[in-house]
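Please keep the structure open while you read.

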Amino acid sequence: MDRGTVGSANRGRLRVEVRTEGQSEVVTPAGELDHHTAELLRAPLEDALDQGRARLVVDCSHLEFCDSTGLNVLLGARLRAEAAGGGVHLAGMLPVVARVFEITGAEAVFTVHDTVEAALAE
């Protein structure tokens, strides 16, 4: 089920698409994830968790930038998902985004996959 794209006044900086694939909610942020756009990702992640969808796959293949605020959104979703018996799987990270996770050590607390398909197959 495709729920479309979330938009805001920050349109053009970050778009977030959400769809359901089997037992997983696939959330695809595209653009820049930072202090100004973080709510555009936080809202669909929280909506999925509120609806009982505790297995989240975040397709990072179109995410061009992520700062500490964006990282905190993902960490918060991870805590909630794990408390509900699920988890957050990150897929397809571009090198610039993967570097943020590496520098902060956050890569150690997420399950990271090369592709969305690999994340869905696990």
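The points below take the model topic by topic.

1. **Ground rules.** This is a predicted model: local features need pLDDT of at least 70, side-chain atom pairs count only at pLDDT 80 or more, and totals for chains, interfaces and linings use all residues. Residues are numbered from 1 along each chain as its sequence is written, and side-chain values use heavy atoms, with hydrogens and water left out. Helices (H or I, at least four residues) and strands (E, at least two) are DSSP runs, numbered from the N terminus.

2. **Salt bridges, overall.** The whole structure contains 8 salt bridges. The criterion is a side-chain nitrogen of Lys or Arg within 4 Å of a carboxyl oxygen of Asp or Glu.

3. **Arg-13 and Asp-34.** These two form a salt bridge, with the closest N and O atoms 2.2 Å apart. Arg-13 sits in the loop between strand S1 (2–6) and strand S2 (14–21), and Asp-34 in the loop between strand S3 (24–33) and helix H1 (38–50), so the bridge ties together parts 21 residues apart in sequence. Arg-13 is partly exposed at 26% relative accessibility, whereas Asp-34 is buried at 7%. The cut-offs are: buried under 20% relative accessible area, exposed over 50%, partly exposed in between (1.4 Å probe, protein chains only). Glu-32 joins Arg-13 and Asp-34 in a network of salt bridges.

4. **Glu-39 and Arg-42.** Here the salt bridge runs 3.0 Å from N to O. Both residues are in helix H1; they are about one helical turn apart because they lie 3 residues from each other.

5. **Asp-50 and Arg-80.** The closest N and O atoms of this salt bridge are 2.7 Å apart. It links distant parts of the chain, 30 residues apart: Asp-50 belongs to helix H1 and Arg-80 to helix H2 (residues 68–83). Asp-50 is exposed, with a relative accessible area of 56%. Arg-80 is partly exposed at 37%.

6. **Main core.** Which residues have the most contacts inside the largest nonpolar core? They are Leu-41, Leu-45, Leu-74, Val-88, Leu-90 and Phe-101, in a core of 28 residues. A nonpolar core is a set of buried Ala, Val, Leu, Ile, Met, Phe, Trp, Tyr and Cys residues joined through side-chain atoms within 4.5 Å. Elements giving two or more residues are S2, S3, H1, strand S4 (55–59), strand S5 (62–66), H2, strand S6 (87–91) and helix H3 (95–104). H1 supplies the largest share, 6 residues.

7. **Val-88 and the second core.** Beyond its neighbours within four places in sequence, Val-88 is in contact (heavy atoms within 4.5 Å) with Leu-56, Val-58, Ala-77, Arg-78, Ala-81, Phe-110 and Thr-111. A second, separate core has 5 residues, including Val-26, Ala-91, Val-116 and Ala-119.

8. **His-113.** This residue lies in strand S7 (residues 111–113). His-113 is buried, at 9% relative accessible area. Its side chain makes a polar contact of 3.0 Å with that of His-89. Such a contact is a pair of N or O atoms within 3.5 Å; within protein, one must be able to donate a hydrogen and the other to accept it, and residues adjacent in sequence count only if both atoms are side-chain atoms. Not counting residues up to four places away in sequence, His-113 touches His-89, Leu-90, Ala-91, Gly-92, Ala-118, Ala-119 and Glu-122.

9. Val-18 has Val-27 in S3 as its bridge partner. There are 2 residues between the strands, and Gly-22 takes a positive phi near 60°.

10. **Cysteines.** How many disulfides does the structure hold? The count is 0, taking a disulfide as a pair of cysteine sulfur atoms within 2.5 Å. For Cys-60, the nearest cysteine sulfur is that of Cys-66, 7.8 Å away. Cys-60 is buried at 1% relative accessible area, and Cys-66 is buried at 3%.

11. **Pro-95.** This proline is found in helix H3. Pro-95 counts as exposed at 67% relative accessibility.

Methods. Two strands pair if DSSP finds at least two bridges between them.
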